[in-house]
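The sequence and the coordinates are shown first.

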Amino acid sequence: MAERAGSTPFLFAIPRDTAPTPCRGCGRPVYWIRTKNNKAMPVDTRVDGGLEPMRDRDGRGLSHFATCPKADQFRKKKIGAGGRGDAR
Ligand SMILES: [Zn+2]
């Protein structure tokens, strides 16, 4: 048996004041948080174990990079202005 309680995957805490924003890729509401490395990251609360933040309670959710069906779009930022930047 695993030592972890339940099957909760990696959930991120969402500060209680955070407002949802529609994802540019799939339109789902996501909450942008700052990670410990001070990077912005969208968090999806509509997942197993997810919790929407309320006025007096923090929320939690999964990284939307992992749940977004259009996550590929995020990686395709700029492929440079060169022309042959299509390396796979
Ligand atoms: Zn999305």
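The sections below treat the sheet, its strand pairings and the core in turn.

The model is predicted. Its five strands form an open sheet with antiparallel pairing, and their order across the sheet is S1-S5-S4-S3-S2. Strand S1 (12-14) and strand S2 (20-22) each have a single partner strand and stand at the edges, so one side of each is left without a neighbour in the sheet. From one strand to the next, the twist averages 55°.

## Pairings of S4

Strand S4 (residues 40-44) is joined to strand S3 (residues 29-34) by four bridges, and the two run antiparallel. Within this pairing, Tyr31 stands opposite Val43 in S4. S3 and S4 form a hairpin, with five residues between them. In the turn, Asn38 has a positive phi of about 65°.

S4 also pairs with strand S5 (residues 59-63), over two bridges and again in the antiparallel sense. Here Asp44 stands opposite Leu62 in S5.

## Nonpolar core

The largest nonpolar core consists of seven residues: Ile14, Cys23, Val30, Tyr31, Ile33, Val43 and Leu62. S3 supplies the largest share of this core, three residues. Tyr31 and Val43, which stand opposite each other, both belong to this core.

Leaving aside residues up to four places away in sequence, Val30 touches Pro20, Thr21, Cys23, Pro42, Val43, Asp44 and His64. Among these contacts of Val30, Cys23 and Val43 are also members of the core.

Methods: Residues numbered from 1 in each chain as written. Predicted model: local features only at pLDDT ≥ 70, side-chain atom pairs only at ≥ 80, totals over all residues. Pairing = 2+ DSSP bridges. Axes fitted to C-alpha atoms, helices over the stretch in contact; angles between N-to-C directions. Core = buried A, V, L, I, M, F, W, Y, C linked by C-beta atoms within 7 Å. Buried ≥ 20, exposed ≤ 12 C-beta atoms within 10 Å, placed from the backbone. Contact = placed C-beta atoms within 7 Å.
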